[in-house]
Each structure stands twice: as structure tokens, then as C-alpha cells.
Amino acid sequence: MDNGKSVLSDPEARRFLAEILDEEGLDVVYSLLDREATDEEIAEETGIKINTVRRVLYKLYDYRLASYVRTKDTEIGWYIYTWKLDLKRIYDLIKLRKQRLLEELTRELESMKDRVFFACRKDEKYVPFEEASELQFRCPVCEGVLEYVDSEERMRQLQEEIERLQKELSNGHY
Ligand SMILES: [Zn+2]
């Protein structure tokens with residue numbers, strides 16, 4: 001059963017997990033690799049509190065990175081939750097995130113084309129000429145003087161980032 005190990009050898013996938021989980025969360029993931037287990041078994045084996053284990057599992061479930069089967073223990077009459085990972089879905093999540101970022105950056109780049117921008121020395125807020133002139137060249141954040149900024153550099157950065165994302169999306173695992 002491979003429901004995670006191969007995924008965890010990918011640095012990008014590992015980074016994604018580290019972003020959504022803390023260290024104990026990662027321990028829960030590792031203890032559930034390539035098998036099924038109940039929340040109680042995981043807690044017992046890892047020494048992590050049962051409530052923390054459950055919180056991690058439900059977080060994984062929210063991302064559809066884990067699923068459970070509920071069965072009733074006929075002796076004690078309680079429900080037992082047996083969990084398993086589905087880490088391959090990380091690739092879908094990473095792809096979705098990159099697509100969103102790509103759209104955002106493309107929009108930003110488009111909105112910067114053929115426009116002149118102003119900014120104060122302190123804040124990083126770019127104000128287009130029309131707006132700057134209405135503000136009488138005072139920064140909307142700190143009221144400092146708005147000066148002309150060369151947006152070529154920012155546009156070049158955006159273009160590079162866009163190209164990198166497009167390349168990654170066209171030859172990733174996706
Ligand atoms: Zn300012």
C-alpha cells in the first residue's frame with residue numbers, strides 16, 4: 001500500500017505539508033504511512049495527545065489528504081475511526097494554488113502595463129498616476145510625498161514569476 005511515502009520524497013510536497021501542519025502533525029502523518037490505524041493507536045504509538053491527533057486528522061480530512069471508515073465496536077458500543085492517508089492529492093492542491101497565483105500575477109502585470117506609478121519612500125503601495133494626482137501626490141497611507149517609480153523592475157519580476165509558474169505547471173506531476 002503506497003499512500004504517501006513516494007509523495008513525501010518530493011520536497012515540494014513536504015513543504016506543503018509543513019505549511020499546513022506543525023511538527024506533531026507531521027509525526028501523525030509519518031505514523032500513518034502505508035497503513036491504516038485508529039486515532040487511538042496513533043496516539044498510543046506516538047505519545048501525542050489523542051485530541052491533538054484528532055485535530056491533525058480532521059485537518060488532513062479537510063484537505064482530503066486523509067479519510068476514515070467508521071465502525072461500531074459491538075462490545076463497548078462506541079464508534080471506532082480507522083484512518084488512512086491519501087497524500088497523492090497534495091499534487092492537486094499544489095497545482096490549484098499555483099494556478100491561482102498565476103492568475104493573480106497575470107492580473108497584476110496586466111494592470112501595470114502602460115501605466116505610470118507613484119509611491120512614497122516608506123510604503124510599498126504603488127499608486128497609479130490618476131489616483132496620485134487626485135491625492136495631490138500625498139501617500140494614502142502615511143501622507144508622505146508620492147514620487148514617480150520605475151515599475152519596469154516590478155514588471156520584469158512578475159513576468160519571470162509568471163513564466164516560472166507556467167513552466168512548473170506544464171511539466172510537474174500534474
Ligand atoms: Zn506612505
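Biologist: What makes lysine 72 and tyrosine 79 partners?

Modeller: A bridge joins lysine 72 to tyrosine 79 of β3. Strands here are DSSP runs (E, at least two residues), and helices are runs too (H or I, at least four), numbered from the N terminus. This is a predicted model, where local features need pLDDT of at least 70 and side-chain atom pairs count only at pLDDT 80 or more, while totals for chains, interfaces and linings use all residues. Residues are numbered from 1 along each chain as its sequence is written.

Biologist: How do you know that β2 and β3 pair?

Modeller: Pairing requires at least two DSSP bridges between two strands. β2 and β3 have seven, in the antiparallel sense. So the pair qualifies. Their hairpin has six residues between the strands, and there glycine 77 takes a positive phi near 75°.

Biologist: What joins β1 to β3?

Modeller: Two bridges, with the strands running antiparallel. Threonine 38 has threonine 82 in β3 as its bridge partner.

Biologist: Why are β1 and β2 called edge strands?

Modeller: β1 (37-38) and β2 (66-72) each pair on one side only. The open sheet has three strands in the order β1-β3-β2.

Biologist: What makes a set of residues a nonpolar core?

Modeller: The members are buried Ala, Val, Leu, Ile, Met, Phe, Trp, Tyr and Cys residues, joined through C-beta atoms within 7 Å. Buried means 20 or more other C-beta atoms within 10 Å of the residue's own; exposed means 12 or fewer, partly exposed in between, with C-beta atoms placed from the backbone. The largest such core has 18 residues. Among those touching the most other members are Val28, Leu57 and Ile90. Elements giving two or more residues to this core include α3 (23-31), α5 (50-62) and α6 (90-112). α5 gives the most, with four residues. A second, separate core has six residues, including Phe118 and Cys139.

Biologist: How many helices and strands does the protein chain have?

Modeller: Eight helices and six strands.

Biologist: Why is the protein chain called more spread out than a compact globule?

Modeller: The globule rule is 2.2 Å times the number of residues to the power 0.38, and the radius of gyration is taken over C-alpha atoms. For 174 residues the rule gives 16 Å; the protein chain has 24 Å, well over that, so it is more spread out than a compact globule. Its C-alpha trace spans about 75 × 35 × 25 Å along the principal axes. Of the 174 residues, 16% count as buried.
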